[in-house]
Amino acid sequence: MTEQLRFGIVGCGVIGALHAKAIRSLPTAQLVSVVDVIPERAQKLAQEYSVTPYVDAQEMYAKEHLDVATICTPSGMHGAHAIEAMQAGCHVIVEKPMEINLATIEKMLHVQQETGRKMAVISQHRFDSATQQVHKLVDEQEFGRLVLGNAVIPWWRSQQYYDSGAWRGTWALDGGGVLMNQSIHSIDLLQWLMGHVKSVYAYMDTLTHRMETEDVAGAVLRFANGAIGTITATTSGYPGTSTRIEIYGDKGSAIIEGDKLKHLHLARDDKEEIGFYGGIKPKATDSGAQESAKTGAADPAAIGSDTHALQIDDMIRAIRDNGTPLVDGIAGRHPVEIILGIYESARTGKEVIISTAGF
Ligand SMILES: NC(=O)c1ccc[n+]([C@@H]2O[C@H](COP(=O)([O-])OP(=O)(O)OC[C@H]3O[C@@H](n4cnc5c(N)ncnc54)[C@H](O)[C@@H]3O)[C@@H](O)[C@H]2O)c1
């Protein structure tokens with residue numbers, strides 16, 4: 001293996017360009033080539049980064065001897081493109097969602113085992129320092145018994161956004177609307193912090209956009225550890241405000257807004273005596289947050305590449321040390337399964353049991 005891992009990008013749209021920036025920022029990675037079925041898109045990105053453009057992925061794999069392919073195509077193509085790359089000998093970093101149905105996800109996991117390649121699924125907000133800090137405290141059981149976990153995604157996408165690509169807002173290629181596309185980040189964080197989701201009950205609708213899939217949804221969750229939670233999400237909430245993840249336990253609570261820790265209060269830090277009714281004074285541990293303009297709440301292109309770079313770096317380490325990336329294929333399946341459960345519940349009006357809650 002050469003000093004720098006050789007990277008190729010499959011799909012040169014909004015997120016492909018961000019992958020190029022993230023790869024370029026890492027000394028351990030070298031962007032070698034990009035491919036897109038629209039030649040001008042491949043040429044434009046290739047020119048910007050002085051790499052080789054392709055219109056055919058097979059040709060790129062045959063000529064470039066890549067170590068890693070990053071899959072940045074529409075969501076319903078991730079499986080086919082990741083499988084093609086692994087069978088050509090590449091490790092893969094797959095954009096979220098891993099895929100839009102569980103049968104294809106199983107195929108991806110099967111090919112990964114068969115080829116012995118590594119797979120990471122992008123969930124870049126797991127690498128935000130606020131999320132890392134709260135996750136460490138959950139691991140250390142500092143919140144006590146977790147009882148409630150909420151994710152609120154009050155975002156905005158215009159009709160032009162949905163019209164900007166024929167795949168957007170379709171069941172066949174986007175795999176869903178606000179949940180599968182925009183909210184999967186927060187749903188992944190919620191289940192990473194609170195534990196596996198056992199069952200869901202949900203409503204959804206398409207209230208303001210011309211598209212097939214939902215632009216508003218609400219779900220009640222039961223976690224495997226007995227805690228209860230909610231997911232409420234929309235892309236019709238003009239002008240789009242920060243996502244909010246709330247974690248409550250009987251020894252502490254945390255709120256992450258945008259990607260900042262807005263509130264953290266742990267019983268272990270309370271020096272005063274707790275009053276008869278359990279009341280205490282507000283603590284200095286409540287940390288105020290700066291609103292981040294780079295959350296994608298109103299503009300999908302307005303996200304930074306830093307956390308993508310951290311996740312790509314995590315994958316490089318996994319490849320070099322023969323380890324496991326933080327978000328591997330099994331981890332990538334969990335939020336998709338929750339979302340598909342929500343869709344099924346909203347369609348049938350019934351509670352849906354999530355089958356891998358025990359994994
Ligand atoms: N992690 C994040 O924050 C984030 C943000 C935006 C998008 N995404 C994900 O990235 C993926 C792409 O989204 P986007 O907004 O960049 O879409 P996009 O439409 O801007 O780009 C997709 C590109 O893939 C190309 N393409 C289609 N078929 C191809 C093929 N067979 N071979 C090569 N290229 C092909 C298209 O021509 C297009 O240029 C989606 O799955 C989306 O969910 C993730």
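Into which domains is the chain divided? The chain is divided into domain 1 (5-117) and domain 2 (126-298 + 335-353), with bounds that come from an automatic or database domain assignment. This is a predicted model, in which local features need pLDDT of at least 70, side-chain atom pairs count only at pLDDT 80 or more, and totals for chains, interfaces and linings use all residues. Residues are numbered from 1 along each chain as its sequence is written.

**Domains**

The centres of domain 1 and domain 2, taken over C-alpha atoms, are 29 Å apart. Between them, 10 residues of domain 1 are in contact with 11 residues of domain 2; contact is counted if the C-beta atoms of two residues, placed from the backbone, lie within 7 Å. On the side of domain 1 that touches domain 2 there are 6 nonpolar, 2 polar and 2 charged residues. Here Ala, Val, Leu, Ile, Met, Phe, Trp, Tyr, Cys and Pro count as nonpolar, Asp, Glu, Lys and Arg as charged, and the others, Gly among them, as polar.

**Open sheet**

Six strands form an open sheet with parallel pairing, in the order β3-β2-β1-β4-β5-β6. Strands are DSSP runs (E, at least two residues), as are helices (H or I, at least four), numbered from the N terminus; two strands pair if DSSP finds at least two bridges between them. Because β3 (52-54) and β6 (119-121) stand at the edges with a single partner strand each, one side of each has no neighbour in the sheet. From one strand to the next the twist averages 25°. Helix α1 packs on this sheet and touches β1 (5-10), β2 (29-35) and β4 (68-71), its direction making about 160° with that of β2. Axes are lines fitted to C-alpha atoms, for helices over the stretch in contact, and angles run from 0 to 180 degrees between N-to-C directions.

**Strand pairs**

| Pair | Sense | Bridges |
|---|---|---|
| β5 (residues 91-94) and β6 | parallel | 3 bridges |
| β7 (residues 146-154) and β10 (residues 228-234) | parallel | 7 bridges |
| β9 (residues 216-223) and β10 | antiparallel | 7 bridges |

In β10, Ile 231 stands opposite Ala 151 and is also the bridge partner of Ala 219. β9 and β10 form a hairpin with 4 residues between them, and Gly 226 in the turn has a positive phi of about 95°. Val 92 stands opposite Met 119 in β6.

**Ligand shell**

The ligand is surrounded by 26 residues, the closest being Gly 11, Gly 13, Val 14, Ile 15 and Ser 75; a residue counts as near if its C-beta atom, placed from the backbone, lies within 6 Å. The shell divides into 14 nonpolar, 8 polar and 4 charged residues. Its largest share, 3 residues, comes from helix α1 (residues 14-24).
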